[in-house]
Amino acid sequence: MPTSKPFSTTRLATYLKKRILELRPAKTQAEIATQAGFINVNMLAMIKAGSNRLPIDRVPALAKALDVDPAYLLLLALEQQIGSTEAQAIVSILSTAVTQNEMAWVEAIREASDLSDPPLTRRGRAAIFGVFGK
């Protein structure tokens with residue numbers, strides 16, 4: 001007999017339950033669903049409960065609504081779609097996921113170098129460590 005909540009034990013369902021609960025003082029689940037662009041606000045409840053998978057195209061907007069790292073949310077959504085081993089293979093092939101904050105650093109380096117793809121020199125590395133007091 002098939003279960004009506006086949007995704008209830010996924011890491012995504014657990015993560016959503018926790019994050020939505022953390023945001024409860026600031027916004028409702030319906031507000032999060034609306035901000036994420038779900039036409040039916042109950043869709044987020046169904047994803048959280050494990051009845052439905054998170055559509056990949058909703059990941060960026062939901063990550064923004066939840067104020068979480070979109071790369072991590074994408075990994076969790078991929079795990080639901082294709083399985084954990086396959087999702088890890090995709091992440092491995094595409095390299096390490098970069099957070100939004102890290103991407104801002106990359107964009108600043110690209111801008112400062114006029115898109116020249118500069119190698120990381122000892123001097124550059126020392127400058128970065130200096131920013132963090134190390």
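This report describes helix packing and selected residues in a predicted model.

## Packing of helices α5 and α6

Helix α5 spans residues 70-82 and helix α6 spans residues 84-93; their axes lie 7 Å apart and pack at an angle of about 135°. Angles over 145 degrees count as roughly antiparallel and those of 65 to 115 as roughly perpendicular, and α5 and α6 are therefore oblique to each other. The crossing in which α5 passes α6 is right-handed.

On the α5 side, the contact is formed by Leu75, Leu78, Glu79 and Ile82, while α6 contributes Ser84, Glu86, Ala87, Gln88, Ile90 and Val91. Sorted by class, this contact of α5 with α6 comprises 6 nonpolar, 2 polar and 2 charged residues.

## Ser84

Ser84, one of the α6 residues in the contact with α5, has a relative accessibility of 42% and so counts as partly exposed. Between Ser84 and Ile20 there are 64 residues of sequence separation, and their C-alpha atoms are 23 Å apart in space.

## The buried face of helix α3

Helix α3 covers residues 42-49, and its buried residues are Met43, Leu44 and Ile47. Viewed down the axis of α3, these buried residues fall within an arc of 100°, and they therefore line one face of the helix.

The packing partners of the buried α3 residues are α1 (11-23), α2 (29-35) and α4 (59-66). Following α3 comes Gly50, which has a positive phi near 95°.

Definitions and conventions
Residues are numbered from 1 along each chain as its sequence is written. This is a predicted model: local features need pLDDT of at least 70, side-chain atom pairs count only at pLDDT 80 or more; totals for chains, interfaces and linings use all residues. Side-chain values use heavy atoms; hydrogens and water are left out. Axes are lines fitted to C-alpha atoms, for helices over the stretch in contact, and angles run from 0 to 180 degrees between N-to-C directions. Helices (H or I, at least four residues) and strands (E, at least two) are DSSP runs, numbered from the N terminus. Angles under 35 degrees count as roughly parallel, over 145 as roughly antiparallel, 65 to 115 as roughly perpendicular and the rest as oblique. A crossing is left-handed if the near helix is turned anticlockwise from the far one by less than a right angle, and right-handed if clockwise. Contact means heavy atoms within 4.5 Å. Ala, Val, Leu, Ile, Met, Phe, Trp, Tyr, Cys and Pro count as nonpolar, Asp, Glu, Lys and Arg as charged, and the others, Gly among them, as polar. Buried means under 20% relative accessible area, exposed over 50%, partly exposed in between (1.4 Å probe, protein chains only). The arc is that of the directions from the helix axis to the C-beta atoms.
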